[in-house]
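Please read them with the coordinates open.

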Amino acid sequence: MEEKIAVFLEEAKAFPWFENSGIPNEKYHMVFSLYDACDGLWGMQYFEVWESQIYPLEDTAEEKIGDDAIDEIFEVVSDAIGDTVWKKFEEYIVRQHVRDDLEVRYELFDKMRRDMAWACVEKVLDMPGFFTMLAEIYKEGYFPCSWKGKYPSGQAVVL
């Protein structure tokens, strides 16, 4: 398990965090406000889609690796990428002039770390799925913050 986590973290540390956020991409539905990415319609859609993916993954992970291993993955991933992601997120905020929305930045930051921890769980389980797909979007320099349409149809909503 440790080797899979280490490989995952090496890849994640090299992501171009937020480098393309704010740059339109036809592949995704773009939002340009931190508030829009976190609350309102996109916030409700986020919870609907993400929770429908978390619960079955958590059940499988509990069965295969146990709660302690899940907790360890969350802690290790958060510690390993937290400072880098926060710094890059702050750079994005300055670059995009979204300072009016700063009250939601901590909530969004927590969502990013949670996405990456679940992606690492998928890696450990050798079960690429929803969170692995999200990690690929982060790897493209965007922040997937919701979903447009009924998952799996539709498209990711990104900052």
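At roughly what angle do the axes of helix α3 and helix α6 cross? The points below start there.

The model is predicted: local features need pLDDT of at least 70, side-chain atom pairs count only at pLDDT 80 or more, and totals for chains, interfaces and linings use all residues. Residues are numbered from 1 along each chain as its sequence is written, and side-chain values use heavy atoms, with hydrogens and water left out.

1. Helix pair α3 and α6. The axes of α3 (residues 40-64) and α6 (residues 130-139) cross at roughly 125° and come within 10 Å. Axes here are lines fitted to C-alpha atoms, for helices over the stretch in contact, with angles from 0 to 180 degrees between N-to-C directions. Helices (H or I, at least four residues) and strands (E, at least two) are DSSP runs numbered from the N terminus. The two helices are therefore oblique to each other; angles under 35 degrees count as roughly parallel, over 145 as roughly antiparallel, 65 to 115 as roughly perpendicular and the rest as oblique. On the α3 side the contact is made by Val 49, Trp 50, Gln 53, Ile 54 and Leu 57, and on the α6 side by Phe 130, Phe 131 and Leu 134. Contact means heavy atoms within 4.5 Å. By class, seven of these residues are nonpolar, one is polar and none is charged. The classes are nonpolar for Ala, Val, Leu, Ile, Met, Phe, Trp, Tyr, Cys and Pro, charged for Asp, Glu, Lys and Arg, and polar for the others, Gly among them.

2. The sheet. Three strands form an open sheet in the order β1-β3-β2, with mixed pairing. β1 (29-30) and β2 are the edge strands, each pairing on one side only. α3 packs on this sheet and touches β1, β2 and β3, its direction making about 85° with that of β2. α6 lies across β2 and β3 and runs at about 120° to β2.

3. Strand pairing. β2 (residues 144-148) and β3 (residues 155-158) pair in the antiparallel sense over four bridges, where two strands pair if DSSP finds at least two bridges between them. Pro 144 has Val 158 as its bridge partner in β3, Ser 146 stands opposite Val 157, and Trp 147 has Ala 156 as its partner. β1 pairs with β3 in the parallel sense over two bridges, and Met 30 stands opposite Val 158. Four of the five residues of β2 are buried (buried is under 20% relative accessible area, exposed over 50%, partly exposed in between, with a 1.4 Å probe and protein chains only).

4. The hairpin turn. Six residues separate β2 from β3 in the hairpin, and Gly 149 in the turn has a positive phi of about 100°. The loop between these strands also holds Pro 152. The peptide bond from Tyr 151 to Pro 152 is cis, with omega near 10°. For reference, most peptide bonds are trans, and most residues other than glycine have a negative phi.

5. Phe 18, in the loop between α1 and β1, has phi near 65°. At 1% relative accessibility, Phe 18 counts as buried. Asp 126, in the loop between α5 and α6, has a positive phi of about 55°, and at 56% relative accessibility Asp 126 counts as exposed.

6. Helix α4. This helix (residues 67-96) bends by about 50° at Gly 82, the bend being the angle between axes fitted to the seven residues ending there and the seven starting there. Its buried residues include Ile 73, Val 77, Ile 81, Gly 82 and Phe 89. The buried residues of α4 pack against α1 (2-13), α2 (34-38), α3 and α5 (105-125).

7. Two residues at 0% accessibility. Phe 143, in the loop between α6 and β2, is buried at 0% relative accessibility. Its C-alpha atom is 6.5 Å from that of Phe 18, 125 residues away along the chain. Not counting residues up to four places away in sequence, Phe 143 touches Phe 18, Ser 21, Leu 108, Met 112, Tyr 138, Val 157, Val 158 and Leu 159. Met 116, in α5, is also buried with a relative accessible area of 0%. With the same exclusion, the contacts of Met 116 include Phe 8, Trp 17, Val 77, Ile 81 and Tyr 138.
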